[in-house]
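Open the model in your viewer and keep the selection panel at hand. The stops below say what to pick next and what is there.

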Amino acid sequence: ILMDKAGELIKNPRSVVIFANKTDRVFILLAKSSDLKFNSAEILRNILSSFGGKGGGKDEFASGSVEFPKLEAALLALRERVISSL
């Protein structure tokens with residue numbers, strides 16, 4: 001459901017979507033519209049790895065996971081990195 005909604009939202013120009021879903025670990029999704037010039041997979045992988053998590057995907061659509069206690073810090077770092085890439 002999250003991936004479908006993100007795909008819908010990034011059809012709009014200059015769009016970025018960050019979703020998180022808590023299970024045993026936290027699933028994080030980063031997606032962007034094709035007009036933005038950063039690599040979602042690279043950013044997500046770098047941020048999550050610094051919090052002991054994993055991530056990967058494609059230029060416009062990436063997903064990964066991190067342990068729940070690290071979620072807030074990881075999301076803040078991800079947000080800052082995306083904003084600095086715009």
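Start with the salt bridges: this predicted model holds two of them.

**Stop 1: Lys5 and Glu8.** Select both side chains. The closest N and O atoms of this salt bridge are 3.3 Å apart. Both residues belong to helix α1, three residues apart, about one turn of the helix. Are they buried or exposed? Glu8 is partly exposed, at 46% relative accessible area. Lys5 is partly exposed too, at 37%.

**Stop 2: Lys32 and Asp59.** Here the closest N and O atoms of the salt bridge are 3.5 Å apart. Lys32 sits in strand β2 and Asp59 in the loop between β3 and β4, so the pair ties together parts that are 27 residues apart in sequence. Now colour by accessibility. Lys32 has 0% relative accessibility and counts as buried. Asp59, at 35%, is partly exposed. Side chains of opposite charge can pair when their charged atoms come close.

**Stop 3: Ser40.** Stay with Lys32 and pick Ser40, one of whose contacts is Lys32. Ser40 lies in helix α2. It is buried because its relative accessibility is 0%, and the cut-off for buried is under 20%. Beyond its sequence neighbours, Ser40 is in contact with residues including Leu30, Ala31, Asp59 and Phe61.

**Stop 4: Ala31.** Move to Ala31, in strand β2. Ala31 is buried, with a relative accessible area of 0%. What does Ala31 touch, leaving out residues up to four places away in sequence? The list is Ala6, Ile10, Ser15, Val16, Val17, Ser40, Glu60 and Phe61. Then show the whole of β2, where six of the seven residues are buried.

**Stop 5: the sheet.** Switch to cartoon. Four strands form an open sheet in the order β1-β2-β4-β3, with antiparallel pairing. Which strands stand at the edges? They are β1 (16–22) and β3 (54–57); each has a single partner strand, so one side of each lacks a neighbour in the sheet. From one strand to the next, the twist averages 15 degrees.

Step across the pairs:

- β1 and β2 run antiparallel and are joined by seven bridges. Pick Ala20, whose bridge partner in β2 is Ile28.
- β2 and β4 are antiparallel, with six bridges. Ile28 stands opposite Gly64 in β4.
- β3 and β4 (residues 61–66) are antiparallel, with four bridges. Lys54 has Ser65 in β4 as its bridge partner.

**Stop 6: helices on the sheet.** Select helix α1, residues 2–9. Helix α1 packs on the sheet and touches β1, β2 (26–32) and β4. The direction of α1 makes about 170 degrees with that of β1. Next take helix α2, residues 40–49, which lies across β2, β3 and β4. Helix α2 runs at about 10 degrees to β4.

**Stop 7: a nonpolar patch.** Val16, Ile18, Ile83 and Leu86 make a nonpolar surface patch of about 310 Å². Ile83 lies in helix α3, residues 71–85. Why does Ile83 count as partly exposed? Its relative accessible area is 47%, and partly exposed runs between the buried limit of 20% and the exposed limit of 50%.

Terms used:
Residues are numbered from 1 along each chain as its sequence is written. This is a predicted model: local features need pLDDT of at least 70, side-chain atom pairs count only at pLDDT 80 or more; totals for chains, interfaces and linings use all residues. Side-chain values use heavy atoms; hydrogens and water are left out. Patches are made of residues with over 30% relative accessible area and no salt bridge: like charges are joined within 9 Å, nonpolar side chains (Val, Leu, Ile, Met, Phe, Trp, Tyr) within 5 Å. Accessible areas come from the Shrake-Rupley method with a 1.4 Å probe; for residues, only the protein chains shown count as cover. A salt bridge is a side-chain nitrogen of Lys or Arg within 4 Å of a carboxyl oxygen of Asp or Glu. Helices (H or I, at least four residues) and strands (E, at least two) are DSSP runs, numbered from the N terminus. Buried means under 20% relative accessible area, exposed over 50%, partly exposed in between (1.4 Å probe, protein chains only). Two strands pair if DSSP finds at least two bridges between them. Axes are lines fitted to C-alpha atoms, for helices over the stretch in contact, and angles run from 0 to 180 degrees between N-to-C directions. Contact means heavy atoms within 4.5 Å.
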